[in-house]
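The paragraphs below follow aromatic rings through a protein chain, and then turn to charges placed over rings. Please keep the sequence and the coordinates at hand while reading.

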Amino acid sequence: MKLFWLRISFIFAYLWEEDNANNGKKWSTLEHKGPFFPPEYEPLPSNVCFVYNGKSIKLSLAAEEVATFYAKMLDHEYTTKSVFQENFFNDWREEMTEEEREQINKLSKCDFSHMAKYFLEKTEEKKAMTKEQKQVLKEENNRLTEEYGFCLLDGHKEKIGNFRVEPPGLFRGRGEHPKMGKLKKRILPEDITINCSKDSKIPEAPKGHRWRKVQHDDTVTWLASWVENVQGNLKYIMLNPSSKLKGEKDWQKYEVARKLKLKVETIRRLYREDWKNREMKIRQRGVALYFIDKLALRAGNEKEEGETADTVGCCSLRVEHITLHEEKGGQEFVVEFDFLGKDSIRYYNEVPVESRVFRNLKLFMENKDPEDDLFDRINTIYLNKHLNQSMPGLTAKVFRTFNASTTLQDQLNKLTTADMTLEEKLLSYNRANRAVAILCNHQRAAPKTFEKSMQNMLDKLDVAKMELKEAKKEHKKAGTERTRKLVEKKEAAVKRLEEQLKKLQLQMTDREENKVIALGTSKLNYLDPRISVAWCKKFNVPIEKIYNKTQRDKFAWAIDMTEEDFQF
DNA sequence: TCATGCACTTAGCAGTCTTATC
DNA sequence: GATAAGACTGCTAAGTGCATGA
């Protein structure tokens, strides 16, 4: 297997260098069945009604379907937001008949509760299905996946990531999204572009329909696409991360980050020089790069105002997002960051910076309003062009990968020793992973049952402690009776309980530290898997303890090729 | 040079499946 | 076998960055 990857690695390195010469060709043959469509709308039974102003109304099919989208979300916080309500109501009215439109003109008079109750019952029914019924559904699902979930790429069967067309519904943006609640329309085959090879079996459109277009573009990796109506974005059917194509791309990403490791000191020297430059633009570039490097901030592309939630990255930071403190918490030159990043996740950080950076920031903020751009002379395109001159292939996002992987490697080296138990090693790993997640600001809502499950663990801990005490007492007693067998038994029990206790305590520590931090994102997207694989080999940790099945599939390339002495 | 479109990666959430515990 | 907790997975939104064309 190793030989296989070495060979692939050689071929791949070659292909990669030759990518341009190859005109960006991604495959030679591509065959698939096309996407799978969600089921047709199933009308509500006649006894389930929509009530308006106290009167029950039978809605037209189109209006009823959209009403059910809202009814299904009734217990969600979304539906309490006025933007959501307004967008939904406007779009809903567009689906209504003339007559319905005339009749229904205030959302506050609409009563969706009967519909909501009906769907709740449906969910309960589904839950209460027998094992056999559930098995039938599962098998049907497996059959679908078998039929639609794979494609043939260059003769190899590859798993598709998302083979289903997104069903219609209400758009749920993140944060204060101006388009939340808008109707995501049903996608028809007539909206879909199919991409496959010319000589392959062209997927058949569902009966009575035809594709918007069938194309044979071997420079892209997607199988099908359509334009979504809410934001006008393209959506794609693409390969699963376990596919060769995606794996190679992933590998390439980490190789670029490793290259940066060799160059980063030079780049740092250069941007520090920039802080002193006469030109404002160069100074801004230097400080922005410093933030991207030191804090692993995202690049911060420009966004169309009013079309999406108001979020920023480095280049799009505004004056209002930072506060300068000559002194804070006993430290000099502290920059306080407070802004919403990707997915409207808050980034808050107090960072001591070098005096020259501090002075520059003051300068950038002079005579500006809070809503003005902090770095008004630069943007991500300019920044990336500059970075590319320092190192081919280098862009702002590479710093995040580099920073994350370097942190994991350093932390693992620091935190693990060979004499640790498996549990201690795993805690070390999670701590290293956590350091990265904190750096990248990967947050999650604390699990809803967190407090309760923590209490359960505390109770368990108490029980374990008590049992241990009891066992020790027994042990002592047995010892005086000089019955060897009993002594041994009790000793074993004491040992077992002590181990259990220790395990439980470690688990709890891990859980508490992890409360609002999401480890998965960095693990999946930023940490070179070879670091983890090598660590597992070196410290005798089964790889299954670090990566689950999906992750092992995604990182198959790394698992096969990595030796225990690999360092990022 | 700039705007725009396209392709692809990164992201958190929520529903589902699995496992542990009684 | 039931139940609850936790892990996993799928979904789809929201980023990045490159290409293209005026």
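F358 is buried, its relative accessible area being 2%, where buried means under 20%, exposed over 50% and partly exposed in between, with a 1.4 Å probe and protein chains only. The model is a predicted one, in which local features need pLDDT of at least 70 and side-chain atom pairs count only at pLDDT 80 or more, while totals for chains, interfaces and linings use all residues. Residues are numbered from 1 along each chain as its sequence is written, chains are lettered from A and ligands numbered from 1 in the order in which they are written, and side-chain values use heavy atoms, leaving out hydrogens and water.

Rings of Phe, Tyr and Trp (its six-membered ring) pair if their centres lie within 6.5 Å, planes under 30 degrees apart counting as stacked, over 60 as edge-to-face and the rest as tilted; by this rule there are 28 aromatic pairs. One of them joins F88 and F112 edge-to-face, with 6.2 Å centre to centre and 65° between the planes. Because F88 belongs to helix α3 (residues 82-95) and F112 to the loop between β4 (110-111) and α5 (113-127), the pair ties together parts 24 residues apart in sequence; helices (H or I, at least four residues) and strands (E, at least two) are DSSP runs numbered from the N terminus. Both F88 and F112 are buried.

F333 and F358 form a tilted pair, 5.1 Å centre to centre with 50° between the planes, and this pair links strand β14 (residues 331-340), which holds F333, to helix α9 (residues 355-365), which holds F358, 25 residues apart.

Finally, the charged end of K281 sits over the ring of Y382, 4.4 Å from its centre, the criterion being NZ of Lys or CZ of Arg within 6 Å of the ring centre and within 35 degrees of the ring normal.
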